Amino acid sequence: MLTFLRKRSFLNNSTTMPSDSTTKSTINPYINFLKESQKNERRPLEHLRQIWRGMSAQQKQTYKVNRTLSRNPYFNFRKKFIRENPGSSHKEVGHRWKEMSDQERMPYRKMAKSAPVIRRRRRRS
């Protein structure tokens, strides 16, 4: 919770980003842009806001987190299997996954390891 508040407070109050800019990427592409631009040279936030507003949507897309991969190898397999076999049910996908050997599952495990860790803030009820 504190890191979330710290991220929000630097957007509104201070002139430069906090020193912990080496943390992992967030879901928000604007914050990722700020972190990336502050790695080499510290710039005022107002200058960075102007750069962000002048960027096209395609340029902003580069700062989004890739969420196509999952940390779960089965989910990666399921997404690919359903894309290749559109009429198949999830039950068929599960049977196919259980029939696969460890060697066949290895590419999906590698994909899961390379997927980014996305930590979401918990909601209090």
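This is a predicted model: local features need pLDDT of at least 70, side-chain atom pairs count only at pLDDT 80 or more; totals for chains, interfaces and linings use all residues.
Is Trp52 buried or exposed?

Trp52 has a relative accessible area of 14%, and buried means under 20%, so Trp52 is buried. Tyr30 is at 15% relative accessibility, so Tyr30 counts as buried too.

Now the aromatic rings. The count comes to eight aromatic pairs. Take Tyr30 and Trp52. Their ring centres are 5.3 Å apart and their planes sit at 65 degrees, so this pair is edge-to-face. Tyr30 is in helix α2, residues 29–38, and Trp52 is in helix α3, residues 45–54.

Next pair: Trp97 and Tyr108. Here the centres are 6.4 Å apart and the planes are at 70 degrees, so we call this one edge-to-face as well.

On to the helices themselves. The axes of α6, residues 90–99, and α7, residues 102–114, come within 8 Å and cross at roughly 115 degrees. They are therefore roughly perpendicular. From α6, Arg96, Trp97, Lys98 and Glu99 meet Glu104, Arg105 and Tyr108 of α7. That contact splits into two nonpolar, no polar and five charged residues.

Last stop: Ser88, in the loop between α5 and α6. At 15% relative accessibility, Ser88 counts as buried. Its side chain reaches the backbone oxygen of Asn85 at 2.8 Å. Ser88 also touches Phe81, Ile82 and Val93, leaving aside residues up to four places away in sequence.

Technical notes. Residues are numbered from 1 along each chain as its sequence is written. Side-chain values use heavy atoms; hydrogens and water are left out. Axes are lines fitted to C-alpha atoms, for helices over the stretch in contact, and angles run from 0 to 180 degrees between N-to-C directions. Helices (H or I, at least four residues) and strands (E, at least two) are DSSP runs, numbered from the N terminus. Angles under 35 degrees count as roughly parallel, over 145 as roughly antiparallel, 65 to 115 as roughly perpendicular and the rest as oblique. Contact means heavy atoms within 4.5 Å. Ala, Val, Leu, Ile, Met, Phe, Trp, Tyr, Cys and Pro count as nonpolar, Asp, Glu, Lys and Arg as charged, and the others, Gly among them, as polar. Buried means under 20% relative accessible area, exposed over 50%, partly exposed in between (1.4 Å probe, protein chains only). A polar contact is a pair of N or O atoms within 3.5 Å; within protein, one must be able to donate a hydrogen and the other to accept it, and residues adjacent in sequence count only if both atoms are side-chain atoms. Rings of Phe, Tyr and Trp (its six-membered ring) pair if their centres lie within 6.5 Å; planes under 30 degrees apart count as stacked, over 60 as edge-to-face and the rest as tilted.
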